[in-house]
Amino acid sequence: MLTYTAARQLVIDSVTRSRHRSNAISINIAHALGYVLAQEIIADRDYPPFDRSTRDGYAVHASEAHDGASLRCVGEIKAGDSITTPLAPHTCIQIMTGAAVPTGADAVVMIEHTQRAGDQVTFTRDARAGQNIVPRGTESIAGRTVLAPGTRMGYAELAIAAQVGAIELRCAAKPRVAILSTGDEVVAIDTQPGPFQIRNSNSVSLAAQVRLAGGEPVLLGNAPDTIEDLGAKIERGLQEDILVLSGGVSMGKYDLVESVLKALGAEFFFDSVAIRPGKPAVFARRQNCSVFGLPGNPVSTMVTFELFVTPAIDILSGASPRPLPLVQAQLAEPMTEKPGLTHFLPAKVEWAANTTTPQVRSLPWQGSGDIATLAHANCFLVIPADRDKLQTGETVSILLRKDVA
C-alpha cells in the first residue's frame with residue numbers, strides 16, 4: 001500500500017500530466033471569489049498614487065519637529081483633498097490618515113505626540129524623516145503585474161483587482177465534479193428511510209467540499225448495487241472533469257465500483273492507501289476524467305477527499321495544488337493506536353492565551369461512520385504509521401478542517 005503522501009503525489013503528477021487547458025471565461029469581480037485567474041492584472045497607476053499619511057497628526061519637515069519645538073499650523077488636509085501648495089519652512093499642517101502628504105513634508109508626527117494651543121503645535125518627541133508616510137509607488141508602480149495567472153481569487157486578491165479597476169476578470173472555468181453515491185441502503189435526503197436505510201448525506205458533504213476546493217459539483221444521485229445501474233451512472237459521470245464515487249470500493253460481494261470502472265477502460269493508479277479511516281481509496285483515469293472511489297463511511301469520505309481530490313481540483317482549476325493545511329500542536333493527553341497505518345482522528349485544537357503552542361485533544365468517536373463527533377472537531381489528529389504510543393506534550397501534526405478552523 002502507498003503512504004498517503006505518496007498517493008497524493010501520484011494524483012498530483014497524473015492530473016498534471018493529463019491536464020487539458022481549461023476554458024477561460026469572463027467573470028465579474030462580484031462573482032469571482034474562488035476562481036483562478038487566466039490573465040495578468042496590471043496596475044493602472046502608481047499605488048499609492050501619492051505620498052500617503054498612515055496616521056492622524058501633523059505633516060512636518062522632520063528636521064524642524066524635534067522634542068520641545070513649536071511650529072505654526074497652517075491648515076488641515078483630509079483624505080481626498082487636492083494638495084497643490086508645498087509645506088512652507090517652519091510650519092506644519094494637520095493631516096488625516098489616508099490623506100496626501102504635501103510636497104516638502106517628509107514626516108507625519110502622530111497627534112498623540114503633540115500639544116496644541118491655538119495655531120501653535122509643540123512636539124513631545126523627535127520626528128524622523130519618512131515616519132508614518134507610505135511613498136508613492138511603493139506598493140506597486142504603473143504597468144507592473146499585481147496578480148499573475150494561476151492566482152486564486154480570495155478577498156485580498158479581489159481587493160487588488162478592484163483597486164486597479166479590473167472589473168471583468170478572465171478566469172479558468174471551474175472543473176466540473178460529478179458526485180455519485182452507491183449502495184442499496186442509501187436513499188435521497190428528502191425520503192423517509194426504512195429501518196435499515198440511510199439518507200444520502202455523503203452527496204451533500206462532498207458537494208460542499210467540492211465548492212470549498214473551487215470546483216462545480218454535479219450531483220448524480222445514488223446508484224444501487226447492480227452492474228447495470230452503476231455502469232450507466234458511472235458512464236454519465238465520466239463525461240465530467242472529475243468523478244467522485246462514495247462507497248462500493250471495499251472487498252464485499254456488492255462492492256462493484258472497481259469492476260465496473262475496469263470494464264469501462266479505466267486505468268488504475270492505486271486502490272488502497274495506508275491510512276485509517278480511508279484505506280480502500282481508489283484513483284483511476286478514463287480518457288480526460290480523473291476518477292476517485294472513496295469509502296462510503298462519511299468520515300472516510302471526507303478525509304480521502306481532502307487528501308486526494310482537492311489537489312486534482314486545484315490543478316484542473318488552473319492553479320498549483322495547495323499544500324495540506326498541516327500545523328504542529330502539542331498533544332493534550334497520551335494516545336495509543338494500532339501501528340501500520342497513518343491515523344486521521346477527529347480532534348479539537350485550541351489556542352490558549354497563556355501558551356505559545358496550540359493544544360490538541362482527540363475526541364471519543366465510534367469509527368468512520370460517526371459524523372456527529374466530526375461536527376464537534378475542527379481538525380484531524382495525524383498519528384504516524386510507525387507510532388503506537390504518544391505521550392502528553394509531544395509535538396504532533398494536525399490537519400485543519402478548512403471550513404471551520
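User: Where does Pro48 sit?
Analyst: Pro48 is in the loop between β3 (41–42) and β4 (52–53). Bear in mind that this is a predicted model.

User: And what's the peptide bond from Tyr47 to Pro48 like, cis or trans?
Analyst: The bond from Tyr47 to Pro48 is cis, with omega near -10 degrees. Most peptide bonds are trans.

User: What joins Arg276 and Pro277?
Analyst: Arg276 and Pro277 are joined by a cis peptide bond, with omega about -5 degrees. Pro277 belongs to the loop between β20 (275–276) and β21 (282–286).

User: OK, phi angles next. What's up with His90?
Analyst: His90 has a positive phi of about 65 degrees although it is not a glycine. Most residues other than glycine have a negative phi. His90 is in the loop between β6 and β7.

User: Buried or exposed, that His90?
Analyst: His90 has 58% relative accessibility, so it counts as exposed.

User: What about phi of Gln287?
Analyst: Gln287 also isn't a glycine, and its phi is positive, near 55 degrees. Gln287 lies in the loop between β21 and β22. With a relative accessible area of 66%, Gln287 is exposed.

User: What does Leu87 touch?
Analyst: Leaving out residues up to four places away in sequence, Leu87 touches Ala59, Val60, His61, Val74, Cys92, Ile93, Pro102, Thr103 and Ala105.

User: What touches Gly248?
Analyst: Thr182, Asp255, Leu256, Val257 and Glu258 touch Gly248, not counting residues up to four places away in sequence. As for Pro295, its C-alpha is separated from that of Gly248 by 7.1 Å, and the two are 47 residues apart along the chain.

User: Let's do helices. What's the reach of α3?
Analyst: Helix α3 (residues 201–213) has 13 residues and spans 18 Å from its first C-alpha to its last, close to the 18 Å expected at 1.5 Å a residue. Gly214 follows α3, and its phi is positive, near 105 degrees.

User: Which residues of α3 are buried?
Analyst: The buried ones in α3 are Asn202, Ser203, Ser205, Leu206, Ala207, Gln209, Val210 and Ala213. They pack against β14 (176–182), β17 (216–223), β18 (242–246), β22 (289–294) and α6.

User: Zoom in on Gln209: what does it touch?
Analyst: Gln209 touches Thr301, Met302, Phe305 and Glu306, not counting residues up to four places away in sequence. Gln209 counts as buried at 15% relative accessibility.

User: How do α3 and α6 cross?
Analyst: Their axes come within 10 Å and cross at roughly 30 degrees. That makes α3 roughly parallel to α6, since angles under 35 degrees count that way. The crossing of α3 past α6 is right-handed.

User: Which residues meet there?
Analyst: From α3 there are Asn202, Ser205, Leu206, Gln209, Val210 and Ala213, and these meet Pro298, Thr301, Met302, Phe305, Glu306, Thr310, Ile313 and Asp314 in α6. By class, the contact of α3 with α6 divides into seven nonpolar, five polar and two charged residues.

User: What about α1 and α6, at what angle do they pack?
Analyst: Helix α1 (residues 4–18) and helix α6 (residues 298–316) pack at about 20 degrees, with axes 9 Å apart. The two are therefore roughly parallel to each other. α1 passes α6 in a right-handed crossing.

User: Which residues make that contact of α1 and α6, and what's the breakdown by class?
Analyst: α1 brings Tyr4, Ala7, Arg8, Val11, Ile12, Val15 and Thr16, while α6 brings Glu306, Leu307, Phe308, Pro311, Ala312, Ile315 and Leu316. The contact of α1 with α6 has eleven nonpolar, one polar and two charged residues.

Terms used:
Residues are numbered from 1 along each chain as its sequence is written. This is a predicted model: local features need pLDDT of at least 70, side-chain atom pairs count only at pLDDT 80 or more; totals for chains, interfaces and linings use all residues. Side-chain values use heavy atoms; hydrogens and water are left out. Axes are lines fitted to C-alpha atoms, for helices over the stretch in contact, and angles run from 0 to 180 degrees between N-to-C directions. Helices (H or I, at least four residues) and strands (E, at least two) are DSSP runs, numbered from the N terminus. Angles under 35 degrees count as roughly parallel, over 145 as roughly antiparallel, 65 to 115 as roughly perpendicular and the rest as oblique. A crossing is left-handed if the near helix is turned anticlockwise from the far one by less than a right angle, and right-handed if clockwise. Contact means heavy atoms within 4.5 Å. Ala, Val, Leu, Ile, Met, Phe, Trp, Tyr, Cys and Pro count as nonpolar, Asp, Glu, Lys and Arg as charged, and the others, Gly among them, as polar. The expected span of a helix is 1.5 Å times one less than its number of residues. Buried means under 20% relative accessible area, exposed over 50%, partly exposed in between (1.4 Å probe, protein chains only).
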